[in-house]
Amino acid sequence: MVEKIRTFPPSPVNEKLRTYRKGELAGIVRVSDRCVGCDTCRTQCPTGAMMGEIGTRHYIDYDMCINCGQCLINCPFGAIEQMSFLDEVMKKLEDKNSFVVAIVAPAVRVAIAEEFGKPPGTLTVSNLHLALKKAGFHIYENNFAADQTIMEEGTELIGRVAYWELGLKEIEFEIKDVRPISWVKKVKLDLSEFKNKPLPQFTSCCPAWVRYAEVYYPEILPHLSSCKSPQQMAGPTAKTYGALKVWKVNPEKVYTVGIMPCTAKIYEASRPEFDSAWKWLKDKGLVTTKFRDVDAVLTTRDLAELFRRKGINPLNFPNNEEPENFEWYSGGGTIFGTSGGVMEAALRFAWSVLSGQEPPAISEDWNFVKVRGYTHPRVEAKVTIPLKKELRNETGLDELTLNVCVVNGIGYRGLHIKEVLEEVLAGTSKYHFIEVMACPGGCLNGGGQPVEPMGTSWIDPVLPLPLVR
Ligand code: SF4
Ligand code: SF4
Ligand code: SF4
């Protein structure tokens with residue numbers, strides 16, 4: 001359990017760095033003089049950015065670093081330090097002119113209790129929301145945003161598959177939900193835009209993976225989903241729809257805080273393109289001051305420290321309260337926190353749209369859970385979807401088989417992902433959809449989570465494990 005953390009105010013990384021743009025922040029700031037040169041961090045670094053000889057103080061090549069924080073979470077000496085918005089967020093919570101919104105991620109909810117003496121995996125739900133409200137936050141569940149992401153990302157997958165596999169020019173379908181209110185939306189896609197969006201589609205919700213692709217494999221970028229991550233969907237929605245329609249506050253007063261298991265999310269929020277709420281509101285003449293979609297990011301460790309400074313223990317609140325407004329979400333949003341979860345949610349979505357039916361109940365033969373990564377670095381599966389009548393008539397096909405792959409952690413120097421990427425670039429990949437999470441096991445083991453004695457090294461040994469089918 002981390003008793004006390006040091007905080008480092010946000011500052012842009014050195015502008016001379018070649019792989020960062022002006023204003024971007026690095027989540028991992030430095031290796032301190034507590035480093036004894038044990039080399040553990042280097043064996044967990046997916047890019048080779050961590051440098052140094054055994055017995056000497058290590059250092060980071062920031063141009064190579066993807067901010068995943070696996071070095072930090074695995075350092076036995078607490079020598080690696082993250083940037084922190086904690087002091088700034090504390091001030092905003094005291095400021096009567098600010099409307100502070102917490103965008104709280106699913107992996108935080110299963111980790112925060114560790115900081116208050118409970119075993120790893122203890123689930124907090126409404127007790128975490130109530131504790132955040134006590135601290136002065138309003139809630140925008142990141143799970144709610146993950147549901148938005150999966151509808152967008154699932155729609156994009158259907159578009160790519162319909163264009164490249166089924167040879168269609170357009171496709172129409174309905175998206176619907178029943179909770180908290182029943183709604184149906186008709187979607188009609190002109191598939192000509194998918195000419196430039198080839199298969200396989202890669203997920204894009206992990207900012208460390210996106211940065212890895214940008215820095216190391218830029219030619220793969222047309223394969224990445226164009227969808228923003230849940231954090232970056234939540235920020236602008238909170239500042240536009242949330243501010244104007246739900247909370248009825250001036251959007252300029254809304255200060256959004258991603259509460260994430262992740263140090264790369266600090267970097268993601270600072271990317272220059274993520275100011276879409278400001279642009280949209282400015283075009284409507286509703287705001288003047290420029291602001292970002294997500295103003296600050298706290299890691300799970302930061303949040304625990306914030307609670308401690310305010311004398312709040314989330315475990316002292318009831319855990320069965322009814323959700324309200326942006327606290328609603330589905331199981332699809334919840335499983336984003338685990339490796340394979342985004343894949344499973346996208347497959348369920350694609351299944352229901354392409355078959356026109358609800359996915360079958362989970363059984364031994366039919367189990368989407370099998371696509372989760374868990375302890376294997378790469379998992380692949382085949383999912384056969386019976387096509388609905390309109391698609392059968394149009395294509396002459398009865399069913400469609402999707403080949404999917406989950407990369408569970410980029411691995412030491414890209415060990416788990418290089419083969420997958422080389423196959424895609426060579427045009428020999430059999431996959432339609434590939435999920436990549438930079439951290440082993442997904443965000444549950446993110447670089448912003450509570451530090452455990454074994455770090456994540458037990459789940460991601462340096463030696464390669466076999467591919468699971
Ligand atoms: S794991 Fe920590 S102590 Fe060991 S070399 Fe890396 S920074 Fe230094
Ligand atoms: S482990 Fe991740 S955060 Fe640490 S140096 Fe390597 S790439 Fe950067
Ligand atoms: S797997 Fe999750 S915690 Fe790790 S870098 Fe990606 S988004 Fe962050």
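Two residues are in contact here if their C-beta atoms, placed from the backbone, lie within 7 Å. Keep that in mind for the first close-up; everything shown comes from a predicted model.

**View 1. Helices α8 and α10 pack against each other.** Here we're looking at α8 (residues 230-247) alongside α10 (residues 276-283), with the two axes 8 Å apart and at an angle of about 30°. Angles under 35 degrees count as roughly parallel, so α8 is roughly parallel to α10. The crossing of this pair is right-handed. On the α8 side, look for G235, P236, K239 and T240, which meet S276, A277, W280 and L281 of α10. Sorted by class, the residues in this contact are four nonpolar, three polar and one charged.

**View 2. A cis peptide bond sits between L199 and P200.** Zoom in on the backbone and you'll find omega at about -5° for this bond. P200 belongs to the loop that runs between β8 (183-190) and β9 (201-202).

**View 3. N67 has a positive phi without being a glycine.** The value is about 65°, and the residue is part of the loop between β3 (59-60) and α2 (70-74). Is N67 buried or exposed? N67 counts as buried, because it has 28 C-beta neighbours inside 10 Å.

**View 4. R413 is another non-glycine residue with a positive phi.** This time phi is about 50°. You'll find R413 in the loop between β13 (399-408) and α15 (418-426). With 14 other C-beta atoms within 10 Å, R413 is partly exposed.

Notes: Residues numbered from 1 in each chain as written. Chains lettered and ligands numbered in written order. Predicted model: local features only at pLDDT ≥ 70, side-chain atom pairs only at ≥ 80, totals over all residues. Helix = DSSP H or I, 4+ residues; strand = E, 2+ residues; numbered from the N terminus. Buried ≥ 20, exposed ≤ 12 C-beta atoms within 10 Å, placed from the backbone. Axes fitted to C-alpha atoms, helices over the stretch in contact; angles between N-to-C directions. Parallel < 35°, antiparallel > 145°, perpendicular 65-115°, else oblique. Left-handed = near helix turned anticlockwise from the far one by under 90°. Nonpolar A, V, L, I, M, F, W, Y, C, P; charged D, E, K, R; others polar.
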